[in-house]
Amino acid sequence: MSAEASQGSKSSTMSNATAKPNFQLPFSCGTTMQLDSWARHDHAPALDIRTHPLGHQEEGRPVLASAGGTVKESSYDSGAGNYVLINHGGGWYTVYIHLQSKNVRAGQKVALGTVIGKLGHSGANSNGVNHLHYEQLYDANHNGHLDWGVPGGEDRPAVFNGAKSAKDVHGKVTSFGTPGGEWLVKSHNRCGSNPTPPKPPKPGHKKYYVDTFANAAGYAKPGSHRTGTLNKGKNYVFCKAKGPKVQHGSQYNSWWLKTDLDSGSPWKGQYVSAYYLSRWGSNVAKDNSGTTIPTC
């Protein structure tokens with residue numbers, strides 16, 4: 001049974017066409033995944049990708065970038081759930097849908113193999129089934145916009161590690177865009193080229209997790225010019241600094257929290273008022289566990 005229905009329409013600006021990137025399966029090297037294109041008219045050549053055997057260490061599995069590029073969108077849609085859209089240049093994009101969570105933000109540059117999120121079943125169109133809805137897309141009509149997740153969109157039959165086809169589960173060689181196809185494919189993503197291990201965090205750059213009760217305006221420095229927005233919900237901060245008091249009614253806070261914003265430019269290392277913390281009273285800056293956030 002198909003894991004989903006059509007996702008919904010999105011559009012993004014495209015660049016001039018060049019050769020297709022050397023896309024890789026968006027999972028770690030050596031992992032065998034099950035790819036399904038489904039026989040429905042509104043699905044192929046998009047692929048639904050699941051672990052093999054089905055259900056084995058599935059939810060929360062890291063999803064990797066199929067090639068280097070720039071994150072165009074990292075957002076949420078009621079049908080698609082958490083999704084990431086990457087611009088690989090030359091008119092080529094990939095989209096990763098139904099993620100459990102997202103690890104990247106719009107405007108961020110990623111390399112082949114960068115963890116962009118985790119496999120899940122977010123969004124109504126996942127039908128509650130853990131899988132990755134995946135598309136390789138190209139601006140075929142050169143109208144400067146990209147449609148994904150819809151019948152007649154600009155997705156193209158996938159190519160992985162230069163291969164356009166493989167033996168399906170019935171032993172027949174078919175292209176990855178064949179309606180009703182089902183393949184078991186081993187990933188070559190970053191094989192023999194493991195990413196450099198991340199450096200340990202610098203002093204003062206430990207992450208402290210906090211809940212914010214509303215979208216918070218972000219600033220380059222406490223109270224200076226606005227640069228973007230930190231979305232409502234669970235967020236991380238690095239440290240605190242004194243700044244202009246923010247007050248609404250009897251509640252106020254003069255502490256400002258250094259963090260990475262969800263949108264804006266620049267978005268790294270910006271400041272939001274601690275007034276938006278959900279758990280504490282006036283002029284307090286603590287994380288969710290009650291630990292006092294250190295001074296920057």
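The model is a predicted one, so local features need pLDDT of at least 70 and side-chain atom pairs count only at pLDDT 80 or more, while totals for chains, interfaces and linings use all residues. Residues are numbered from 1 along each chain as its sequence is written, and side-chain values use heavy atoms, with hydrogens and water left out.

The salt bridge pairs Arg 105 with Asp 262, and the closest N and O atoms are 3.3 Å apart. Arg 105 sits in the loop between strands S7 (101–102) and S8 (109–110), and Asp 262 in the loop between S19 (251–259) and S20 (263–264), so the pair ties together parts 157 residues apart in sequence. Helices (H or I, at least four residues) and strands (E, at least two) are DSSP runs, numbered from the N terminus. As for burial (buried is under 20% relative accessible area, exposed over 50%, partly exposed in between; 1.4 Å probe, protein chains only), Arg 105 is buried at 14%, whereas Asp 262 is partly exposed at 25%.

Turning to strand S6 (residues 92–99), eight of its eight residues are buried. S6 runs antiparallel to S5 (residues 81–89), with seven bridges joining them; strands count as paired if DSSP finds at least two bridges between them. Asn 82 stands opposite Leu 99 in S6. The S5 and S6 hairpin has two residues between its strands, and Gly 90 takes a positive phi near 65° there. S6 is also joined to S10 (residues 132–138), again antiparallel, by six bridges, and Trp 92 faces Tyr 138 in S10.

Then there are the nonpolar cores (sets of buried Ala, Val, Leu, Ile, Met, Phe, Trp, Tyr and Cys residues joined through side-chain atoms within 4.5 Å). The largest has 29 residues, and Leu 35, Ile 49, Tyr 96 and Leu 132 have the most contacts inside it. Strands S1 (32–36), S2, S5, S6, S10 and S14 (182–186) each give two or more residues to this core. A second, separate core of 20 residues includes Ala 241, Trp 267, Val 272 and Tyr 276.

Leu 47 is in strand S2 (residues 47–51) and is buried, at 1% relative accessibility. Its C-alpha atom is 4.8 Å from that of Ser 37, ten residues away along the chain. Leaving out residues up to four places away in sequence, the contacts (heavy atoms within 4.5 Å) of Leu 47 include Leu 35, Leu 132, Phe 160 and Trp 183. With the neighbours within four places set aside, Ile 49 touches residues including Leu 25, Met 33, Leu 35 and Leu 132.

How values were computed. A salt bridge is a side-chain nitrogen of Lys or Arg within 4 Å of a carboxyl oxygen of Asp or Glu.
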